[in-house]
Amino acid sequence: MLKINNLSSRYAQVKVLNKVTLKVKEGEILGLLGRNGAGKSTLLKSIMGLVEVVSGSISLDENILSEQQAHNIPKYGIGYVPQGRRLFPELMVEENLKMGLLVRDSSTDVLDWVLSLFPLLKSRMKQKSGTLSGGEQQMVATARALCLQPKYLLMDEPSEGLMPSMTETILETVEKLKTENVGILLVEQKIEGTLRVSDRIVFMENGSISEESDPQKLAENPESLMKYVGVKARY
Amino acid sequence: MSTWLNDNGPLLFLALLDGTVTAFVLALIALGLSLVFGVMRIVNVAHGELFMLGAVLSWFAFDLTNDPLWGFLTALVLAPVIVGSIAIFSDRFILRKISYHPESTIVATIGLLYVIQQLTLMFFGPEVRPVEAPFYFRIQFPWFGYSGYKLLVAGMSALCLSGVWLLMKRSKLGLYMRATQQDIEIAKTFGVPTQKIYASVFALGGGLAALAGVLVVPIRQADHLMGLEPLLLSFIVVIIGGLGSIRGTIVAAFIIGISDGIISVFYEPTLAKMLATLLVAMVLVLKPGGLYGEDQA
Amino acid sequence: MRKNSLNHSLLFQGGILMLLFLLQFILPTYHHSSVSKIMLLASYAIGYNFLLGYTGLMSLGHAMFFSSGMYSMGLGIYYLELSPLNGVIFSASFSLMVSLIFGLFALRTSGVSFLIVTLMFGQTFYLSILYFNEFTFGHDGFSLAKYLGSFVIFGKEYLFSNPDIRYNFALLLLTSYLLITTFILLSPVGRILIAIRENESRTQLLGYNVFYYKLFALVLSGTFSGVAGAMHGLLFSYIGTTFAEIHHSISPLLWTLLGGAGTVIGPLFGTGIMYYLIDFISEITKNYLLVVGIVLILMIIWFPLGIMGSVRRKWLKWLP
Amino acid sequence: MDHEEEKNASDVTRRSLLGTSAVLAGAGIVGSQLVDPVAKTAFAAGSDEPIRIGFQAHRTGIGTVYGKWYERTTNAAAKYINSIGGIAGRPVEIITEDDGTDPKRGADVVEKLATQHKVDFVYGTLFSHVVMGSAPRAGELKIPYFVVSEGYHVASGKLNRYVFQPCITDVRSQITAVSSWIFGNLGKNVTIIYPDYAFGYDHRDYASAAAAKSGGKIVAKIPIPMTEKSFTRYFIKIPQNTDVIYHVMVGPGVLTFVREMGEHFGSSHPKLFGFIDSLEGVNITSPGLGFLDGSYFWEAMPRYADGYDTIGSRFYRNAVGVNDSGASKSDPKDVSTYSHMFGCWETLFAIKEAVEQSGYKSKKDYGTLIETIEGFSFFNEGIAHPQGSKFFRGETHQGYGQQFVSQVKNGKLNVIHRTSISDGMYEPETDYRKQSL
Amino acid sequence: MAPVKLLGTQGLTRQYGGLIAVNDVDFNLYEDRIHAIIGPNGAGKTTLVSMICGRTPSSSGRINFKGKDITRLSSAKRVQAGIVYTFQVTSIFGNLSCFENVALSAQRTLREQPEGRASLEKWGMVSEIEIEKAVSKYLLKVGLEGIESQIASTLPYGHQKLLEVAMGLAAGPELLILDEPTQGLAESEIDNLIQLIRDISKSVNVLLIEHNMEVVFNLAEHVTVMDNGSILAEGTPSEIENNPAVQDSYLGN
């Protein structure tokens with residue numbers, strides 16, 4: 001279980017998260033919704049140790065991650081798919097994936113498994129990742145995180161800037177991972193897809209959790225969506 | 001044309017030969033600076049002093065063993081290790097404390113330059129020390145003779161360059177270094193101990209400078225002031241070549257080595273240095289990001 | 001509010017200048033002369049800081065400006081038999097021209113590339129002084145002492161080497177540099193320069209052609225350095241390549257960073273401290289550079305903003 | 001040759017002869033005090049206020065090796081002078097400040113010595129650009145400034161009336177003296193390789209002048225920048241018809257220079273004549289110097305004791321702590337700058353002579369002191385002047401002595417020729433005595 | 001009266017490596033109405049306006065403003081021509097006071113307007129008093145009066161955004177581009193901002209890039225929808241609201 005307990009954190013001098021408490025179980029998909037600037041990305045970065053934690057804690061099973069240095073956190077099995085993909089642009093696709101494999105010394109079987117999820121990448125292995133198209137880059141970013149055999153995967157707007165068909169591929173992957181018992185914390189803009197794949201939905205506003213709900217209820221009662229995300233869902 | 005070649009052929013040949021040797025030596029000295037510059041994005045002004053330390057340690061080894069070959073081999077192993085340790089120490093207790101801030105780093109490494117230079121003067125003395133080459137032979141061309149060891153240095157330098165290239169492209173450490181260079185934050189999220197990577201890069205940079213010092217000292221001698229000139233030249237090579245690009249470093253070293261060789265054979269030397277310096281400046285003015293660097297908008 | 005800052009800083013700088021003025025009556029001979037020299041070198045550093053501190057461009061070629069001022073003045077007096085006053089005016093226009101031409105090229109680059117381009121141009125200039133040694137007297141340099149006559153102020157005759165003349169001319173130079181920079185910095189132009197240092201691309205997006213302002217800062221900085229060089233030559237009568245070497249470019253960088261880049265008065269403190277640090281320590285040990293090195297490292301760890309930069313952050317917020 | 005020059009020249013010959021005889025007699029102004037050194041160790045009562053001599057030393061920077069030996073020599077001379085009763089009965093105190101081998105700092109040091117340490121005289125510096133930077137300040141401060149630099153800057157009239165170079169021959173005179181020997185003994189077609197800065201230009205210009213006089217020819221002039229680390233590309237510019245390579249390489253590159261010259265030429269090469277400045281502080285048996293075997297060097301004072309064995313030079317060698325092959329007695333690997341540092345020893349004695357003869361008591365006597373020195377015409381060989389007698393010209397403030405030519409054989413420098421003072425004389429170009437004090 | 005065209009792009013494209021951020025866009029903007037661009041993150045909105053204001057060079061295509069081709073003008077020249085951009089993430093001068101921030105922007109406009117010259121006219125300089133007056137005016141306009149001496153980075157986030165708007169206004173725009181002005185603001189702050197934008201639009205043409213549909217439908221008179229670097233749809237807010245293609249792109253299918 002990935003537990004976030006009463007977490008406050010800050011960037012430079014500005015406080016960005018305020019007493020956030022959240023749990024994600026293994027094999028559970030948690031959708032995190034909220035407006036730009038609500039603190040969703042910061043929450044993911046806090047888990048990865050990239051943002052200074054002021055108070056509260058983050059723990060995985062019995063390990064307290066918030067006491068660890070950033071580079072040790074992925075070793076517990078936490079994969080991160082950052083916003084904007086952020087591949088190592090001068091590295092080949094192969095090398096980007098290797099970065100994932102090296103985290104927990106994964107075997108080549110893992111690579112085979114990951115490539116079976118994204119067969120297109122097989123033909124791109126020797127290409128510099130910065131020259132790939134947006135959709136291909138997103139595949140690499142996801143594949144790179146999967147290469148460390150994550151127990152939990154943190155995904156920050158994986159569909160950003162992608163064509164609908166590509167978004168679909170990503171969501172399918174998410175659903176496939178659920179069957180492999182991977183817990184996923186999904187930050188998304190595309191509401192419908194998020195509602196479709198998530199087990200639970202959490203809304204954030206101004207650095208805090210403002211409401212928790214489940215997708216069915218939201219579908220029946222879309223006011224929260226309007227309030228926190230500012231869109232009308234088409235139900 | 002052919003009479004010109006007849007008259008100047010030997011000159012041209014020598015200029016190319018000498019320029020090539022200079023280029024290889026320069027590339028080796030600049031390589032460490034380039035790595036540090038590329039991965040850590042800081043300018044290590046003390047780089048020339050680390051090169052000087054390598055040369056001086058080589059003299060100590062030579063003096064101690066009193067045997068060119070054994071001294072050379074000892075220095076080849078010890079100098080990079082000692083200088084690398086000094087680099088790690090500096091990284092831990094100086095650079096990390098100022099958070100690798102670019103301007104502060106320049107001041108701090110100038111301070112380090114003074115400290116290293118003065119300590120060397122204290123322990124080593126002001127004299128210029130010769131070191132005998134481990135292997136020595138002379139090659140006779142029809143028009144003039146040339147040092148075999150110099151060609152050997154060029155060869156060993158090429159070997160070191162390929163070694164570093166392999167390290168960067170094929171090893172885990174190299175992969176981590178390149179990843180850190182491109183996105184330090186994301187590198188952390190893939191388990192890269194970036195602090196240690198920084199320390200290793202700084203140590204590797206220092207070690208390479210020291211290695212260059214050991215290789216070069218039999219053709220140049222050692223003294224405590226020898227660090228400034230290679231520092232300036234490496235600077236130029238690194239910037240012209242483009243941030244952290246090994247290929248750029250080598251190409252730039254050749255441009256500078258060969259152009260210096262040719263210009264100074266055919267012109268008055270001080271004029272030649274003036275022209276060469278101006279040429280380099282103009283390359284940068286026309287291509288501000290360096291030959292292989294990201295172009296600055 | 002700017003007026004506030006202006007008043008405060010004029011009071012503060014006025015106080016320091018008044019102190020320097022009064023000091024000349026009590027300082028022992030050696031320190032009297034040292035302070036004259038510090039004021040001259042600090043003027044150079046103030047010129048340097050105008051570029052580094054207010055537009056964020058770090059140069060390693062300012063010795064070129066300093067020595068172009070110094071040599072144009074000295075050679076002008078030697079060959080063209082200019083009067084000292086005309087010599088200084090000549091040097092000001094010469095260094096202005098040098099920095100303008102240089103700026104048009106070098107400002108195409110920025111950051112570390114700018115650093116290297118300045119270094120290269122500086123070295124080219126240094127080498128050209130050596131190359132044209134029959135005209136410039138090369139590495140040895142030359143002394144102006146013989147060619148400088150006396151001059152009359154209020155009916156009294158003075159030599160340039162007169163300690164009081166030296167002290168007060170240096171003080172005059174320092175005062176004018178401090179006043180000019182303060183007024184520029186607190187004027188609309190200064191506001192733009194500071195904006196360029198803080199965020200160049202944003203300044204561009206406020207509708208300012210950043211290049212022209214950078215060029216202005218560079219030319220002013222170069223001319224200030226050049227006139228400081230000319231005054232150095234005039235008052236201390238030696239002109240030599242040591243003032244064109246890279247070390248002489250590194251010095252104002254260190255003085256400025258030590259004193260606080262981006263503070264008008266900082267370079268004066270930086271220069272004074274470095275000068276006396278070397279002076280005192282070299283008496284105790286011949287390894288004074290070791291101590292200087294350690295001090296530099298510790299200073300930058302403890303006061304990353306330089307002395308006056310830290311003072312401004314903590315206490316004197318209005319400091320320009 | 002006009003009448004005046006003729007008179008000068010004959011004067012010199014007479015004096016140098018006198019000097020040579022003085023070697024044998026051990027007599028002379030200073031020599032007489034050596035008869036019983038112990039008798040005068042007690043300083044005259046009431047005048048134990050020391051004579052303070054400021055020493056401007058190259059402790060750091062490119063002149064450090066010279067600076068170290070200048071300091072050793074100076075301290076040895078001061079110690080000896082104090083042991084024989086000091087200067088005019090007053091002890092000598094040396095106050096040393098580092099000039100960093102930099103003209104800027106040099107001027108500051110002169111000022112600091114004069115106004116802070118309140119020394120009576122400033123003395124000691126070697127590198128000519130430091131002299132150029134410092135001398136104006138000495139002139140302004142009106143403090144006598146004795147340099148040990150061998151530059152032609154004093155005698156050329158570039159400096160001022162307060163600057164003296166009494167006990168080391170200037171480079172113009174050295175070149176004039178040995179050039180005629182080169183053209184006469186080694187060959188007529190000479191290629192000259194020299195550093196591309198002031199010191200080198202003196203060689204280029206005065207060697208050319210000497211060539212014209214002695215029927216020789218300079219076939220090529222090859223300047224090398226001071227910062228050069230590799231020289232291979234310059235050797236290819238040496239013309240085929242060169243009989244003699246005349247080389248002056250001051251600076252750290254010398255060993256490389258010699259070794260690369262060897263690599264370039266192999267076994268058949270022109271004769272070599274060099275100025276020992278290149279090898280000052282360097283062991284002749286250093287690796288790579290084998291190529292120099294059989295080549296010739298100018299020396300101002302022979303490094304090896306057997307090259308010039310006089311009472312004075314033996315005493316001096318002992319006092320400074322140098323062994324018979326020119327290295328430190330305490331560390332045989334530490335080779336001295338023997339052809340220059342005697343200047344420090346001798347200059348201190350020149351100061352002693354000047355003070356004692358002028359009756360100098362304090363700074364207000366500077367005028368008399370300067371006029372007294374300007375009245376000097378020679379210094380006698382002896383313990384005070386171990387390099388040999390000197391002819392001194394009051395109008396140029398410059399001293400002139402004999403020079404040596406040595407040949408490298410079996411890793412050792414052997415003196416094969418000694419010039420007379422007159423060989424190095426030239427027309428004076430200035431008269432400092434006309435300047436006001 | 002037919003609307004007057006203020007700005008137009010033809011075939012504007014921007015490519016980063018293998019990514020095409022903006023693909024062959026023809027975008028037109030007419031005077032006297034609030035125009036909004038909407039679209040999901042990564043749709044290319046910011047890249048498009050960055051090319052319009054000259055922050056980002058275009059890979060190909062042309063831009064016209066008031067009938068003149070401005071494709072090759074520097075960003076500074078475009079600001080002088082009247083295209084003013086305020087940043088998505090605040091890009092104020094954090095180390096300077098609020099006064100300095102607005103003054104920087106105001107002084108250029110004043111210099112170009114004769115009434116600002118007052119006594120220093122012959123120097124081509126602006127009197128500090130005029131600048132102070134202008135700064136007060138703009139700070140008052142965005143509701144930040146009295147914070148002149150505060151260091152900008154110490155302001156709350158919402159106020160920094162308002163300061164940014166004040167700087168934009170002080171630059172004397174003919175076209176003010178607001179890039180996600182409501183991002184990170186609280187509900188109450190958003191309401192104030194809507195009022196402010198409406199007020200501004202009386203004298204200045206406003207181009208709004210916004211995520212918040214409420215804000216867009218509340219303010220905009222014309223809406224352009226972008227997705228995947230291209231224009232997906234254009235029209236009035238109600239047309240857009242009922243466009244199924246837009247619904248798809250925005251909410252996923």
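Select chain B and chain C together and look for polar contacts across the boundary: two residue pairs make them, both at pLDDT 80 or more. A polar contact is a pair of N or O atoms within 3.5 Å; within protein, one must be able to donate a hydrogen and the other to accept it, and residues adjacent in sequence count only if both atoms are side-chain atoms. Before you click further, note that this is a predicted model, where local features need pLDDT of at least 70, side-chain atom pairs count only at pLDDT 80 or more, and totals for chains, interfaces and linings use all residues. Residues are numbered from 1 along each chain as its sequence is written, chains are lettered from A and ligands numbered from 1 in the order in which they are written, and side-chain values use heavy atoms, with hydrogens and water left out.

**Stop 1: chain B against chain C**

How many salt bridges does the rule find across the interface of chain B and chain C? It finds zero, where a salt bridge is a side-chain nitrogen of Lys or Arg within 4 Å of a carboxyl oxygen of Asp or Glu. On the side that touches chain C, at least two residues each come from α3 (68-95), α4 (102-124), α9 (228-241) and α11 (269-286) of chain B. Highlight α4(B), which gives the most, 13 residues. Sorted by class, this side of chain B has 29 nonpolar, six polar and four charged residues. Here Ala, Val, Leu, Ile, Met, Phe, Trp, Tyr, Cys and Pro count as nonpolar, Asp, Glu, Lys and Arg as charged, and the others, Gly among them, as polar.

The contact (heavy atoms within 4.5 Å) takes 39 residues from chain B and 37 from chain C. About 3500 Å² is buried between these two chains, and carbon and sulfur atoms give 82% of that area. Buried area is the accessible area (1.4 Å probe) that two parts lose on being put together, summed over both.

**Stop 2: chain D against chain B**

The area buried is about 3000 Å², with 55% from carbon and sulfur atoms.

How many salt bridges are counted between chain D and chain B? The count is six. To see a salt bridge, zoom in on Asp63(B) and Lys333(D), whose side chains meet at 3.0 Å, N to O.

**Stop 3: one residue in chain E**

Finish by selecting Asn101(E), in helix α3 (residues 98-112) of chain E. Is Asn101(E) buried or exposed? Asn101(E) is buried, with a relative accessible area of 0%; buried means under 20%, exposed over 50%, and partly exposed in between (1.4 Å probe, protein chains only). Leaving aside residues up to four places away in sequence, Asn101(E) touches Ile92(E), Phe93(E), Leu96(E), Ala152(E), Leu163(E) and Met167(E). Take a closer look at Phe93(E): its backbone nitrogen lies 2.8 Å from a polar atom of the Asn101(E) side chain.

How values were computed. Helix = DSSP H or I, 4+ residues; strand = E, 2+ residues; numbered from the N terminus.
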